[in-house]
Amino acid sequence: MAIKYIKEPELVDPVMIASWPGIGNVGMIAVDVLRRVMRAEMMAYIEPQDFFYPSRVIIRSGELVELGFPSSEFYFARNERHDLIFFVGEEQPAEGGGVYATGSKAYAMANLVLDVAQKCGCKRVYTSGAAVTPMHHTARSRVWAVPNCAELLPEFKKYDNAVLMSDVEGRGGEGSITGLNGLLLGIARRRGLEAVCVMGEIPIYLQGFPFPYPKGSKSVLEVLAAALGMWIDMERIDLMAQDSENELTGLYNKLPPEIKERLDRLKHTTVAAPESMEAITDDDKRKILDDVDKFFRREGGGEQR
Amino acid sequence: MSLGPVYRLHGEHKLQKPALIVAWLEDASSLGVRTVDYLIEGLGCREFGEILPEGFFPMAGVNVVDDVAQFPESKFYVSDESNLVIFRSNIPRTGWHGFLNAVLDVAGHDCSVSEIYTLGAMISPAAHTLPRLLISIVNQKEMKEELEPFNVMTGTDYETPPGQKPTLSSYLIWLAKQRMIRGVNLWVPVPYYLVSIDDPTACKRLVYFFNSKFDLGVDFTKLDMRVAEQNDKIAGLFQRSPELEAFVRRLEAGDGLDGEESEKLAREMSEALK
């Protein structure tokens, strides 16, 4: 298990932002857009063989010419206040066939990522993912911020559209963060490193489907921009969010009226739309999930995209 | 993961740059395993060693198959006379890199293997009455010329489709290439309606290849009997059900069957040939 360095740049007060695939690829899209906007350069990668099964093979005229593994790459970009290090993992190292990281491999991977952060002098690490919420896809996604030390709470309270777990309805400040997004926070804490997970909200009825949700990613980018004290060109993410909303609206309009009526009630359920008139019950949530699940399966919505 | 030895070998051998044949127990029609079992028995191979299961298979109880408790097996067999090593194994559930490197350690370090052949079945829509093809994927281009005289197809193009993963056999010959060990994946298309049963004709195709390539002197009698027995059973089935025969004729002509017809053919073949 090794890190291979391609470049070892001298970085000024760097911050690391890490992402892996997850629900709606909310975190992954946010980090990928920022990485591209910043024209980040690759600096290192984690050797994949001990973590992953190969993901692709290329055979040409009967010869096996390439066997590829999920990548786990580090990029860097110069920036005014903080230089940035991006970690982009194509897959989470899971034991037992799950999607999210578990077990000794996940622990080893998280430690390697933090080794790079500390070697480069990072004082803070961000991870990014999705927060599944009973919200409507036409609403603006909030960003749940979970730091690994109480000292960071006041900072994240002040950012527009960011909420702490205690601000989220019915959570009382409690919850869990699965996979490496969570594990990294815990291990960073053990190492005395500040870490914050920023999670863009995604509607509860989209959680089981492989739809990307760039609206959630855009909210994450806005909070990251505030936290990093930088301006981010949102043109690319705005386009993605608009395309996604058009696509979702197209699907939404095909829904039977009774399902649509239930989903419409989600327009009034979050702080993002505080004029709640008719809160939905847990029973409603279950029905919504069942109805949408049945509908998308009938429509072939489970197909990978 | 165990910190102890990953594999254990029993005794000595007199091999000289032998070939290694690899078969996985989880294979359509159990083709690879049926093939190596025929070779192990026919050539009088002896057990030579094993890769230990810890770290590669979940140690969480056992599965029961046909009333018998199973346990993962990863065993090496050798025939000094035929200068052959055979590896017969369940597919590991985790630690693939370590597992395959253990196979290559035994192959390269302990047996000085010169080349590796992996066996596998591909599910095919073709009829069982058509000849079985033998398709190769090599890890070194030069091997193609050596395989062509044995009527092996050597021109496949393929890329893993989204959502699928490469086979463990591909992974093995990829790692073998890094150790400068020549490797070939051999694939035989098996009619889809024989996948859950036996395809002795496909098995014979593989045994015939190894017999020709390494001049093994294999006795085909038992395999020919299996082929004849299956053909008799299928002929009986067709007598009872001309509709199934018509399905097979359509497959021979390259016409597909619809879902219901395909399912019926597979189900009734499976019942008749058990």
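**Entry 1: B:Ser169**

I started at B:Ser169, which lies in helix H4 of chain B. I kept in mind that this is a predicted model. Is B:Ser169 buried or exposed? I read 2% relative accessibility for B:Ser169, so this residue counts as buried; the cut-off for buried is under 20%. Next I listed its contacts, leaving aside neighbours within four places in sequence. B:Ser169 is in contact with B:Trp24, B:Thr118, B:Asn185 and B:Trp187.

**Entry 2: the interface of chain B and chain A**

I turned to the two chains together. On one side I found 28 residues of chain B, in contact with 22 residues of chain A. I then looked up the area. Interface size is often given as the accessible area lost when the parts come together. Here, about 2200 Å² is buried between chain B and chain A. Carbon and sulfur atoms give 55% of that area. Which residues of chain B lose the most area to chain A? I noted B:Pro166, B:Tyr171 and B:Trp174. Together they account for 25% of what the chain B side buries.

**Entry 3: polar and charged pairs**

I checked for salt bridges next. The count between chain B and chain A is two. One of the residue pairs I looked up was B:Glu159 with A:Arg60, which form a salt bridge. Their closest N and O atoms are 2.3 Å apart. I also asked how many residue pairs are in polar contact across the interface. The rule finds 14, with both residues at pLDDT 80 or more.

I then sorted the chain B side by element. Those giving two or more residues to the side that touches chain A are helix H2 (96-110), strand E9 (135-138), strand E10 (158-159) and helix H4 (168-178) of chain B. Which element gives the most? It is H4(B), with six residues. By class, I noted nine nonpolar, 13 polar and six charged residues on the side of chain B that touches chain A.

**Entry 4: strands across the chains**

I looked at how strand E4 (residues 56-60) of chain A meets E10(B). Two bridges join them, and the strands run antiparallel. I looked up the partner of A:Ile58 in E10(B). The bridge partner is B:Glu159. B:Glu159 also forms the salt bridge with A:Arg60.

I stayed on E4 of chain A for A:Ile59, which is found in that strand. A:Ile59 has 5% relative accessibility and therefore counts as buried. What does A:Ile59 touch, not counting residues up to four places away in sequence? I listed A:Leu64, along with B:Ile137, B:Thr156, B:Asp157 and B:Tyr158. As a distance check, I took A:Ile59 and A:Tyr126, 67 residues apart along the chain. Their C-alpha atoms are separated by 39 Å.

**Entry 5: strand E9 of chain B**

B:Ile137 brought me to E9(B). B:Ile135 and B:Ile137 point one way from this strand. B:Ser136 and B:Val138 point the other way, and all are buried. I then looked for pairing. E9(B) and strand E11 (residues 182-191) of chain B pair in the antiparallel sense over four bridges. In E11(B), I found B:Val184 as the bridge partner of B:Val138.

**Entry 6: chain A overall**

I counted eight helices and 11 strands. Chain A has 305 residues, and buried residues make up 54% of them. I also looked at contacts between residues at least 6 apart in sequence. Of these, 74% join residues at least 24 apart.

Methods. Residues numbered from 1 in each chain as written. Chains lettered and ligands numbered in written order. Predicted model: local features only at pLDDT ≥ 70, side-chain atom pairs only at ≥ 80, totals over all residues. Heavy atoms only, no water. Contact = heavy atoms within 4.5 Å. Buried area = accessible area lost by both parts, 1.4 Å probe. Salt bridge = Lys/Arg side-chain N within 4 Å of Asp/Glu carboxyl O. Polar contact = N/O pair within 3.5 Å; in protein donor to acceptor, adjacent residues only side chain to side chain. Nonpolar A, V, L, I, M, F, W, Y, C, P; charged D, E, K, R; others polar. Pairing = 2+ DSSP bridges. Buried < 20%, exposed > 50% of the residue type's maximum accessible area, 1.4 Å probe, protein only.
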